[in-house]
Amino acid sequence: MREREDEWTGLMRSAMAGDGAAYHRLLKAITPVLRAASRRGLARAGQPPDQAEDIVQDILLAVHLKRHTWDVNAPFAPWLFAIARNKLIDALRRRGKRVFVNIDDFAETLSEEPKGETASATEVAAQLNALPARQREVLQSIAVESASIKDTAKKFAMSEGAVRVALHRGLASLTAKLREQ
Amino acid sequence: MRMDTDQLIRTLAADNSYRPRPVGFVLALMLLAAAPVSLLMFFSMLGVRPDVMTAMHNPLFDLKFAVTLALAAAGIAASLHLSRPEVPLAGFGWLFVIPAGLLAAGIAGEAMMPQRLPMMTRLVGSNSRVCMTAIPLMSLPLLAASILGLRHGAPTRPALAGAVAGLMSAGLAATFYASHCTDDSPLFVTTWYTLATALVTTIGALAGSRFLRF
C-alpha cells in the first residue's frame, strides 16, 4: 500500500514535469481505487452501484483540472483522496443523499484487489453533445478514435496549438456542465 | 457519442501539456485588477484626511495600518493555504492572532497614556457610520475578485475559504479607509472596523459556499 502511494507520487511528479506517458499510467493506476471507493460510498448511501462510473469520471476530470493545486513536494495520495472525497460527497448530495464520506474509504480500497469490469458512464457522454462542434470533434477524435494531437490537427486542418486549446476548453466546459446539471 | 473511462483517461493524458497557472498568480492578477476600482471609490467618496502629515506622527494612527495590513496579509496567506484540498484546518488560524494581538497591544498602550477624552467617547468616535458603510462597500470589488481567483484553486471547505477571502478584502479596504478616518483610538478600531470586517466575512462565507465548490 505504501509502495503504491510512493509510486503514484513519483508518476505524478514526472507528469507535472511534462511526461504524458507517466500521467497516463498514473490515471490508469488510480482509477480502480476510485471505482471501489465510489461503489462503497454509493452502497453506504443506499444507491445502486451502477452510477459509480459517472463519479469516477467526475473525479478524474477534477484531478486533471485541479492538479496545479498539488504540491510536488507532498505525497500524492492525500491530495487525491481529498479531491475524490469532495467529488463523491458532491455526487451523493446531488442525488439527494446526505452522507459522511470517510477519508479511510479511499485508503482501505488501496489494499483491495482491483476489479476488472467497467460499468458504463452516461453523464460525461451526455454533456459532450452540448459542447461547441469544434471542441466535440476534437474530443471525439482523441477519445474515441484514439488519434494523436498531430493527426487530429491534420484531419481538421487546424494547427496543433489550436487542437490543444480546443481539447482543454472542451474538458473544462465539460466539467462546468457536469457541475451545473 | 460514448465516453468510457479508458477513453477519458487517454483524453486527459493528451491534455497534459496544458499547464494551469498557480492559484497565487491568478489571485494576484484578480486583486490587481480590482484594487483600482476600490481606490476610485475611496477617492471619489472619501479621500485622505487633510491633516495626514501630522497624523503620521501619531503612533495610534500608524497602528491602524499595521493592524489592517496584518489582517490582509494573513487573509492572503490563509486563502492560498485553503485553496489546496488536502490541507489540515489547524495550520492557518494563528496568522490572525497577529492583527488581533496588535490591536490588544494598542488598547493597552492607549490606556497607559494620559487621556483628554473619556473612554466611551473614544470608542464611539465620530465616524462609525461612515466606517461601517465604506469598509464593506470598498471590500466588495476585492471580495468578488478574490472569489474569482480562488475558483482556480480546489478548496474543500468553500464557505471557510470564502470567509477568509472576506477577511482579506476587509483588511485591504480598511487600509484605504484608515487614511481617511480621524478616529485613531484602538477602541474605535476594535469596535467598528471589526464589525465592518465581520459583515464582509459573512458575505464572503455565503459567496464561498455558492461559488467556490468544485
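Modeller: Let us begin with the elements: helices (H or I, at least four residues) and strands (E, at least two) are DSSP runs, numbered from the N terminus. This is a predicted model, in which local features need pLDDT of at least 70 and side-chain atom pairs count only at pLDDT 80 or more, while totals for chains, interfaces and linings use all residues. Residues are numbered from 1 along each chain as its sequence is written, chains are lettered from A and ligands numbered from 1 in the order in which they are written, and side-chain values use heavy atoms, with hydrogens and water left out.

Colleague: Where is Ala157(A) placed among the elements of chain A?

Modeller: Ala157(A) sits in the loop that runs between H8 and H9 of chain A. As a general point, most residues other than glycine have a negative phi. For its surroundings we use relative accessible area, where buried means under 20%, exposed over 50%, and partly exposed in between (1.4 Å probe, protein chains only). By that scale Ala157(A), at 73% relative accessibility, counts as exposed.

Colleague: What is the phi of Ser146(A), and in which loop is Ser146(A) found?

Modeller: Ser146(A), also a residue other than glycine, has a positive phi near 45 degrees, and its place is the loop between helix H7 (133–143) and helix H8 (149–155) of chain A. With a relative accessible area of 43%, Ser146(A) is partly exposed.

Colleague: Is Thr152(A) buried or exposed?

Modeller: Thr152(A), which belongs to helix H8 of chain A, counts as buried, at 0% relative accessibility. Contact means heavy atoms within 4.5 Å, and, once neighbours within four places in sequence are left aside, Thr152(A) is in contact with Val138(A), Ser141(A), Ile142(A), Ala147(A) and Val163(A).

Colleague: How many salt bridges does a search of the whole structure find?

Modeller: A salt bridge is a side-chain nitrogen of Lys or Arg within 4 Å of a carboxyl oxygen of Asp or Glu, and the search finds twelve of them over all chains. In one of these, the side chains of Arg35(A) and Glu53(A) meet at 2.8 Å, N to O. This pair links distant parts of the chain, with Arg35(A) in helix H2 (residues 20–44) and Glu53(A) in helix H3 of chain A, 18 residues apart. Arg35(A) is buried at 7% relative accessible area, and Glu53(A) is buried too, at 1%.

Colleague: Which parts does the pair of Lys155(A) and Glu145(A) tie together?

Modeller: Their side chains form a salt bridge of 2.6 Å, N to O. Lys155(A) lies in helix H8 of chain A and Glu145(A) in the loop between H7 and H8, so the pair ties together parts that are ten residues apart in sequence. Lys155(A) counts as partly exposed at 44% relative accessibility, as does Glu145(A) at 45%.
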